[in-house]
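Please open the structure in the viewer and keep the selection tool at hand.

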Amino acid sequence: MLTGLQYAKMIISGANNLINQKELLNEMNVFPVPDGDTGKNMSMSISGAKKVAEDILDGQTDIGNVADKVAMATLRGARGNSGVILSQLLRGFAKEMKGKKSIDAKTFAKCFSIASQTAYSAVMKPTEGTILTVARQSSEAVAEFAKTSDDILEIMKKAVKSANISLSHTPDLLPKLKAAGVVDAGGKGWVVLLEGMLFFLEKGEILPLEESTTLADTSKLETTANEEITFTYCTEFLIDKSSPDVNVDIFKNTISKIGDCMVVIDDFDIVKVHIHTDNPGVVIQNALKIGSLNDIKIDNMRYQHNEKIIKKPEVEITKEPKKEYGIISVSAGEGYSSIMKELGVNHIIEGGQTMNPSAGDILEAIEKVNAKVIYLLPNNKNIILAAEAARDMAEDKVVIIGTSSVPQGISALLAFNNNSSWEENEKSMKEAFGLVSDGSVTYAVRDSENNGVVIKKDDVIALNKSGVIASGKDINEIAFELCKSLINEDAGLVTIYYGQDIKEEDAENLAEKVEAEFSDLDVSVQFGGQPIYYYNIAVE
Amino acid sequence: MAVKINTNRGQVIITNKVIVKTIANVCTSCYGVVGFSNNGRTIKKENIAQLSKGVKIRANQSKLVIDLHIVAAYGVNIQSISESICRNVKYEIQHMMGIEVDKVIVHIDNMVEKE
């Protein structure tokens with residue numbers, strides 16, 4: 001059984017080991033950013049946990065309690081990527097130990113699996129070849145081993161051993177590590193912590209903190225760095241064959257041994273040769289045996305490579321030329337958005353009754369549209385203020401068409417003409433939406449009274465400019481009432497936009513009913529897809 | 001907007017879309033990031049075109065300013081992961097694309113516990 005006191009001592013021992021070896025970890029740090037701070041980050045992350053564990057040594061407590069405190073302290077002190085992952089691993093331990101006085105070998109083994117799962121859950125796309133991989137692979141080995149063993153010490157040994165094996169494979173998973181000839185620093189940190197914990201279980205005493213830390217280079221691997229360029233000189237030339245019968249194959253075989261990227265083309269009386277080699281002289285001497293040489297070119301590729309790296313390209317960020325006109329429209333529903341797109345809106349801001357875009361959102365849209373004159377359709381009373389604020393901040397000319405509903409916005413869009421001057425467009429768009437009288441059908445969120453209409457919560461209500469005009473239970477009936485109130489002598493066209501909660505056939509039924517009642521009107525049904533509002537109805 | 005890089009061998013033009021997608025890609029492998037957020041809506045699909053809606057870029061005197069709207073994992077040290085996101089994104093963009101990054105602004109818009 002493992003007690004809280006033992007776990008606390010294991011953590012202190014592991015923390016000491018981590019602090020002792022922080023310089024080594026710093027040196028190994030090349031991924032994701034080679035800034036050499038993994039050791040510092042990990043040792044600082046664990047030092048809070050160490051302090052908490054030391055406080056516990058005076059009074060004994062349950063292991064669940066200790067693990068929780070250790071995990072919290074690491075979470076608070078976590079620095080850097082590996083530090084955060086370390087805190088997640090210890091949180092996994094704490095999850096499994098929670099509420100327990102002491103734990104047996106099986107639970108201890110399970111801690112490793114939970115730790116790995118917890119760590120993996122905090123990232124969308126885990127990078128393999130890091131501390132995550134080491135934690136996962138060792139937890140898998142431990143889980144397998146625990147089926148046959150009931151000994152905590154043996155399990156800890158297995159964890160350290162399998163973590164070390166996994167660590168040695170990290171360069172195969174991350175090319176950056178291989179190029180630098182190191183194993184993953186964070187993964188190494190986890191191994192170091194586990195080794196420190198094992199030290200306590202084996203020896204029964206806490207691994208001491210060293211006064212000065214020494215540099216060990218045991219974990220450097222034998223790999224060739226700078227893999228891109230193996231041979232220095234790119235050598236190219238043509239050979240005029242001295243006689244058509246010379247044996248080019250012998251030449252090919254000879255030079256293929258001293259270089260790579262070899263291309264030798266035997267073309268009747270000329271041979272074209274290209275090879276990367278460290279000994280261009282040898283290549284040329286061999287070539288002389290077949291004939292005379294022409295167009296000799298030898299380049300030092302390392303020099304080219306360095307030049308490429310050293311020479312910093314100038315960077316400028318440019319903008320595409322501005323369009324004449326751009327239109328920005330606020331939409332509340334996918335149906336509306338696609339109608340607007342068809343009508344030539346350049347940028348659609350998602351918004352509406354419950355989700356008003358901020359002036360910043362609108363300003364961002366204005367910059368994106370990148371036009372000389374931008375028409376802005378707020379399509380909601382509540383957004384007009386934000387639109388005005390954005391207009392004042394924008395560098396481009398912004399014309400606000402003060403539409404207060406989406407159907408009004410659509411009428412305004414229909415009046416837009418790309419060939420007219422901006423003043424004409426502004427005038428005709430404003431006229432167009434002014435002719436629209438519109439209303440909407442929605443539901444009441446609380447009991448109230450408006451315009452003399454008594455409303456109960458969840459009742460269906462119809463609203464027009466002047467407020468609530470009808471309430472009831474049947475959506476289509478209320479919508480029909482609304483239509484009647486909107487239609488006057490000048491009306492010619494009724495457009496019914498139905499929301500996401502309404503079926504198309506219901507909307508068609510409503511349209512038929514309106515057509516039957518007002519035979520001289522055109523009625524059209526469109527999918528608006530808006531939330532909250534069952535119908536938006538426009539009459540013009 | 002696009003980024004033009006003049007080298008001694010010619011010009012490279014990188015469109016915004018490419019930059020934004022690259023940033024989103026780098027960000028998804030940052031520890032602690034479990035999703036992105038677009039206007040308050042959480043995007044967790046592993047689809048780079050969707051995710052890149054949580055990435056906004058603009059220019060500040062020929063340098064890039066990056067706004068990241070992310071969803072963080074519950075139970076991680078937010079300050080630490082934000083710092084490492086800034087560093088990773090800056091490093092990768094400067095080294096992969098040769099574009100100087102002025103600043104990276106991390107907005108933690110939501111937090112979820114992924115099980």
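What percentage of the 540 residues of chain A count as buried? The figure is 44%. Please bear in mind throughout that this is a predicted model.

**Chain A as a whole.** Select chain A and display its secondary structure, which comes to 20 helices and 19 strands. Among its contacts between residues at least 6 apart in sequence, 68% join residues at least 24 apart.

**An open sheet.** Next, select strands S8, S9, S10 and S11 of chain A. These four strands form an open sheet with parallel pairing, in the order S9-S8-S10-S11. At the edges are strand S9 (347–350) and strand S11 (397–400) of chain A, each of which pairs on one side only. From one strand to the next, the twist averages 20 degrees.

**One pair within the sheet.** Lys323(A) is found opposite Ala371(A), a residue of S10(A).

**The contact between chains.** Finally, show chain B together with chain A. The contact takes 31 residues from chain A and 35 residues from chain B. On the chain B side, strand S1 (2–7), strand S3 (33–38), strand S5 (55–60) and helix H3 (78–96) each supply at least two residues. Coloured by class, that side of chain B shows 13 nonpolar, 15 polar and seven charged residues.

Conventions
Residues numbered from 1 in each chain as written. Chains lettered and ligands numbered in written order. Predicted model: local features only at pLDDT ≥ 70, side-chain atom pairs only at ≥ 80, totals over all residues. Contact = placed C-beta atoms within 7 Å. Nonpolar A, V, L, I, M, F, W, Y, C, P; charged D, E, K, R; others polar. Pairing = 2+ DSSP bridges. Axes fitted to C-alpha atoms, helices over the stretch in contact; angles between N-to-C directions. Buried ≥ 20, exposed ≤ 12 C-beta atoms within 10 Å, placed from the backbone.
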